[in-house]
Amino acid sequence: MPELPEVEVTRRGLAPRLKGRVISGVAVREPRLRWPVPRDVLALAGRRVLGVRRRAKYLLVDCGDGHLILHLGMSGSLRLLPPGTPALKHDHFDLELGDRVLRLRDPRRFGAVLWTTGDLAAHPLLAHLGIEPLSRALDARRLHAMTRAHRTAIKLFLMDARRIVGVGNIYASESLFRARIDPRKPARALSLEQCRRLSEAVKRTLQAAIRAGGSTLRDFVGADGGSGYAQQRHFVYDRAGKDCRRCGTPIRKLAQGQRSTYFCPTCQKR
Ligand SMILES: [Zn+2]
């Protein structure tokens, strides 16, 4: 599933290639995505793309009087292709931009193509999202303040998109290892110093993944879990029983909220 780093790499690839271009046409081959693709998108031709932003895992294409909201779902990818490139089975949506086509491929159809002319911050999909981990909003003081009322395990707190967006299972385990914090520790028991280490670790972990993904970016934009992401060398994730890269202790695995957590019992003491 595309995670925040993949979506951010996609955004960085798309933004300079889309900005300033005029939409020349729209093709909807399959409107039954996560939500039905609204008919409004068929009327987008003639609008100019002013920019591409990201909120959590949503890409927001600014069309002046409204935003196209794109989500890659479980299996989606966006590519820029020459016009006339034959559409394959799972190529459900095209945004035509003159001499190139932005094409959404989404085999499992959990992705989204939506249109809104309202206030983005108040959109039902965006209104309840937590803070952006790569922004200044996430720092030691903010994390410390946010966690005071929560006795839930810090790993689960980190993954709760109502608090902080985009910290998926892999990145939560990796960040807690970098910060040397036991994933089972109650969120409200973290010290300010631990919140400092953790907020920095989350940013470093996501930035490393973005760099790894960015290296795979070529003349098209792909968010299909290409080789750059697979080459990432995890500290703990999916390494149960293997030696900790820092201290040599075997990495342990446990279940938290139906997801696997990996940690080093020596580096991440309770
Ligand atoms: Zn260790």
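**Conventions.** I treated the structure as a predicted model in which local features need pLDDT of at least 70 and side-chain atom pairs count only at pLDDT 80 or more, while totals for chains, interfaces and linings use all residues. Residues are numbered from 1 along each chain as its sequence is written, and side-chain values use heavy atoms, with hydrogens and water left out.

**Entry 1, zinc site.** I looked up the protein donors of the zinc ion and found C244 (SG), C247 (SG), C264 (SG) and C267 (SG), at 2.3 to 2.4 Å from the metal. Donors are N, O and S atoms within 2.8 Å of the metal (3.2 Å for Na, K and Ca); water is not among the atoms, so sites may look incomplete. The angles among the four donor atoms run from 101 to 112°, and the site is tetrahedral (for four donors, all angles between 85 and 135 degrees). I noted the sequence spacing of the donor residues as C-x2-C-x16-C-x2-C. C264 and C267 are both buried, where buried means under 20% relative accessible area, exposed over 50%, and partly exposed in between (1.4 Å probe, protein chains only).

I placed P265 in the segment after β10 (259-263); strands are DSSP runs of E with at least two residues, and helices are runs of H or I with at least four, numbered from the N terminus. P265 is partly exposed, at 29% relative accessibility. Apart from neighbours within four places in sequence, P265 is in contact with T249, P250 and R252 (contact means heavy atoms within 4.5 Å). P265 and R252 are 7.0 Å apart, C-alpha to C-alpha, and 13 residues apart in sequence.

I located R239 in the loop between α6 (227-230) and β9 (252-256).

I found 20 salt bridges in the structure. In one of them, the side chains of D94 and R29 meet at 2.4 Å, N to O. D94 lies in strand β6 (residues 91-96) and R29 in the loop between β1 (25-28) and β2 (51-55), so this pair ties together parts 65 residues apart in sequence. D94 is buried at 3% relative accessible area, whereas R29 is partly exposed at 38%. R103 and D91 form a further bridge, with the closest N and O atoms 4.0 Å apart. That pair links R103 in strand β7 (residues 101-105) to D91 in strand β6, 12 residues apart. Both R103 and D91 are buried. I also recorded a network of salt bridges that links E8, R11, R12, R54, R55 and E132.

I checked α4 (residues 169-179): nine of its 11 residues are buried, so the helix is largely enclosed by the rest of the structure. Among the buried residues are Y171, L176 and F177.

How values were computed. Four donors count as tetrahedral if all angles lie between 85 and 135 degrees; four count as square planar and six as octahedral if opposite donors are over 155 degrees apart and all others between 65 and 115; anything else is irregular.
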